[in-house]
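Here are my notes on the two-chain model. Please read them with the structure open.

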Amino acid sequence: MSVDLATVRKIAGLARIATSEAEAEALVPELNNILGWIEQLGEVDTDGVEPLAAVIPNHLRLRDDVVTDGGIRDAVLKNAPQAEHGFFAVPKVIE
Amino acid sequence: MTDLTDLGIAAIRDGVAAGTFSAREVADSFIASVEKGRPLNAWLVETPEHAIAAAEAADRARTQGELLPLSGVPLGIKDLFATKGVETTAASGILKGFKPEYESTITSKLFGAGAGMLGKLNMDQFAMGSSNETSAFGNVISPWRRNDGGNAALAPGGSSGGSSTAVAARMAPGVTGTDTGGSIRQPAAFTGISGIKPTYGRCSRWGVVAFASSLDQAGPMARDVRDCAIMLEAMSGFDPKDATSLDIAVPQWEKALSGDLKGKKVGVPKEYRVDGMPAEIEALWQQGIQFLKDAGAEIVEVSLPHTKYALPTYYIIAPAEASSNLARYDGVRYGLRDLPDGANLQEMYAATRADGFGAEVKRRIMIGTYVLSAGFYDAYYTKAQKVRALIARDFDQAWEKCDLLLTPTAPSAAFALGEKSADPIAMYLNDVFTVPSSLAGLPAMSVPAGLDAQGLPLGLQIIGKALDEQGVLNASLAIEERAGFTARPGRWW
């Protein structure tokens with residue numbers, strides 16, 4: 001499998017990274033080089049192997065359903081690029 | 001009088017307790033060394049006031065007989081750890097100016113144990129790199145130089161390159177690092193210091209800027225094995241705020257340190273003899289085998305057949321997790337915002353991320369997005385998770401024959417800055433010996449074991465069974481006791 005310019009543009013769109021024409025063109029061989037190298041995994045026989053998600057056996061814990069945090073609005077907003085009236089402010093999304 | 005910056009963590013702790021010197025004197029010495037070391041670019045933020053406050057508290061605690069495990073010890077903190085009120089950027093432009101409103105669990109524990117903070121350490125951006133060259137705030141320069149008189153600027157390793165440099169250049173007696181695929185062990189090897197990545201789940205990830213969550217582990221880097229054991233004890237422990245934190249007691253690793261390996265079997269994996277490995281690395285490995293035999297261990301050859309697939313597996317799983325974790329940097333809640341004139345919300349996201357992320361971070365996010373995208377998920381991501389299972393199984397099978405594994409830490413000594421930065425895959429290959437144990441979540445440590453012909457440090461790696469940090473520390477100590485590694489970089493800065 002290899003990527004072309006249209007695919008690179010599509011991935012950049014999914015990743016929400018603005019990419020100029022020149023940057024996208026440069027990424028085509030770069031990503032293909034890495035993907036080509038990764039594809040050696042195709043040689044490995046993985047029939048019947050369960051995918052590994054957790055490396056060290058652990059169990060998911062349950063805790064009491066109680067509020068343990070909150071009431072820190074100002075701290076949450078402290079690093080916001082733009083905070084207004086106690087909220088995060090963003091460009092208008094609905095016309 | 002001794003230069004206090006020549007002392008490690010145990011010596012500082014014991015000297016402060018005995019009243020040989022004050023914690024304040026120690027802090028002042030390291031603060032001066034940090035200032036003098038600025039040409040190395042290891043620090044992104046200096047926090048002398050924090051180190052002094054902790055030192056004064058330590059001196060008061062001594063008079064009251066209330067010393068804590070790390071009282072009087074000033075540390076460097078990798079910039080991946082959120083520190084309350086102190087800028088934390090992960091060496092990325094996208095977090096420039098970010099001052100967390102909270103303290104990471106690890107730094108809370110260290111400060112709670114009496115340690116002070118000298119500052120925040122430079123690193124590869126979001127911990128993605130093996131040379132510290134992906135930092136948005138400039139390369140860290142290794143204090144080491146080749147003995148050829150060429151004075152080429154060398155890589156301190158990565159991603160914990162500011163951390164390795166701070167210890168090697170005597171700017172801090174100990175530092176925190178993080179290791180996703182070798183980011184503690186490879187820089188430790190490159191700079192002639194020790195560093196351990198504990199079992200996945202030992203150290204809380206809460207408040208550590210996330211890269212690849214199923215792999216990320218914090219650990220200490222210091223001058224020797226004992227100092228690493230002391231720091232690791234203070235850093236480890238259950239944290240309900242991290243869903244993958246292990247709810248088990250922290251052993252007293254320092255107390256149980258012993259370089260006597262009688263009755264231990266150490267495996268030497270034949271697949272770690274890679275093509276093009278310098279003869280010096282092979283010779284160092286043989287030397288390490290002799291050291292461990294001398295310490296009483298029995299050496300056995302073992303096979304880890306899927307070793308060659310570890311790197312490609314890692315370069316699917318880590319970017320996939322990164323692409324998901326780094327989705328949070330969107331210019332809305334914290335960090336950089338780039339809002340071009342008339343841009344809508346989607347355009348703001350894209351402009352902010354284009355502006356704030358470095359080239360290697362973007363490359364990995366793109367790879368991760370691709371391997372997780374519709375139609376490719378099974379072929380790449382699920383396949384990689386299956387191979388990861390086989391890599392973990394290789395280790396399980398090796399443990400039927402041995403207790404520990406001995407390998408080189410890295411396939412070469414430190415390279416020059418710029419030497420590998422044009423070829424991502426050449427850079428990735430640096431982690432060929434460290435990535436497999438990361439994928440399996442196992443504890444692993446690098447200790448300095450010798451110098452190459454150019455006078456640069458080389459490290460050996462000990463890998464252990466899950467939760468056997470003691471075994472890893474003890475075998476590392478056995479190497480340390482026999483290697484007699486005392487070389488240090490001449491002070492040219």
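Is A:Glu30 buried, exposed or partly exposed? The answer is in point 2, after a word on the source.

1. Source and numbering. This is a predicted model, in which local features need pLDDT of at least 70, side-chain atom pairs count only at pLDDT 80 or more, and totals for chains, interfaces and linings use all residues. Residues are numbered from 1 along each chain as its sequence is written, while chains are lettered from A and ligands numbered from 1 in the order in which they are written.

2. A:Glu30. This residue has 16 C-beta neighbours inside 10 Å and so counts as partly exposed. The cut-offs are as follows: a residue is buried if 20 or more other C-beta atoms lie within 10 Å of its own, exposed if 12 or fewer, and partly exposed in between, with C-beta atoms placed from the backbone. A:Glu30 sits in helix α2 (residues 21-38) of chain A. Helices (H or I, at least four residues) and strands (E, at least two) are DSSP runs, numbered from the N terminus. A:Asp69 is 39 residues from A:Glu30 along the chain, and their C-alpha atoms are separated by 44 Å.

3. Helix α2(A) against α9(B). The axes of these two helices come within 9 Å and cross at roughly 125°. Axes are lines fitted to C-alpha atoms, for helices over the stretch in contact, and angles run from 0 to 180 degrees between N-to-C directions. The pair α2(A) and α9(B) is therefore oblique; angles under 35 degrees count as roughly parallel, over 145 as roughly antiparallel, 65 to 115 as roughly perpendicular and the rest as oblique. On the α2(A) side the contact is made by A:Ile34, A:Trp37 and A:Ile38, and on the α9(B) side by B:Pro312, B:Tyr315 and B:Ile316. Two residues are in contact if their C-beta atoms, placed from the backbone, lie within 7 Å. By class, the residues of this contact are six nonpolar, no polar and no charged. Here Ala, Val, Leu, Ile, Met, Phe, Trp, Tyr, Cys and Pro count as nonpolar, Asp, Glu, Lys and Arg as charged, and the others, Gly among them, as polar.

4. The interface as a whole. In total, 55 residues of chain B are in contact with 39 residues of chain A. On chain B, α9 (310-325), α10 (345-356), α11 (359-372), α12 (377-398) and α13 (424-428) each supply at least two residues of the side that touches chain A. The largest share, 10 residues, comes from α12(B). That side of chain B divides into 31 nonpolar, 14 polar and 10 charged residues.

5. Chain B overall. Chain B has 15 helices and 11 strands. Its radius of gyration is 21 Å, close to the 23 Å that the globule rule gives for 493 residues, so chain B is as compact as a globular protein of that length. The radius is taken over C-alpha atoms, and the rule is 2.2 Å times the number of residues to the power 0.38. Buried residues make up 62% of the 493 residues. Of the contacts in chain B with a separation of 6 or more, 78% are between residues 24 or more positions apart.

6. Helix α4(B). In α4 (residues 105-112) of chain B, six of the eight residues are buried. These are B:Thr105, B:Ile106, B:Thr107, B:Lys109, B:Leu110 and B:Phe111. They pack against β2 (74-78), β4 (174-179), β6 (217-222) and α7 (225-235) of chain B. After α4(B) comes B:Gly114, with a positive phi near 105°.

7. Strand β4(B). Six of the six residues of β4(B) are buried, so the strand is largely enclosed by the rest of the structure. One face carries B:Gly174, B:Thr176 and B:Thr178, and the other B:Val175, B:Gly177 and B:Asp179. β4(B) runs antiparallel to β6(B), joined by six bridges; strands pair if DSSP finds at least two bridges between them. B:Asp179 stands opposite B:Gln217 in β6(B).

8. Backbone points to check. The peptide bond from B:Gly158 to B:Ser159 is cis, with omega near 10°. B:Ser159 is in the loop between β3 (116-121) and α5 (161-168) of chain B. B:Asn132 also lies in the loop between β3 and α5, and its phi is positive, near 70°, though the residue is not glycine. B:Asn132 has 33 C-beta neighbours inside 10 Å and counts as buried. B:Ala91, in the loop between β2 and α4 of chain B, has a positive phi of about 60° and is not a glycine. With 32 C-beta neighbours inside 10 Å, B:Ala91 counts as buried.
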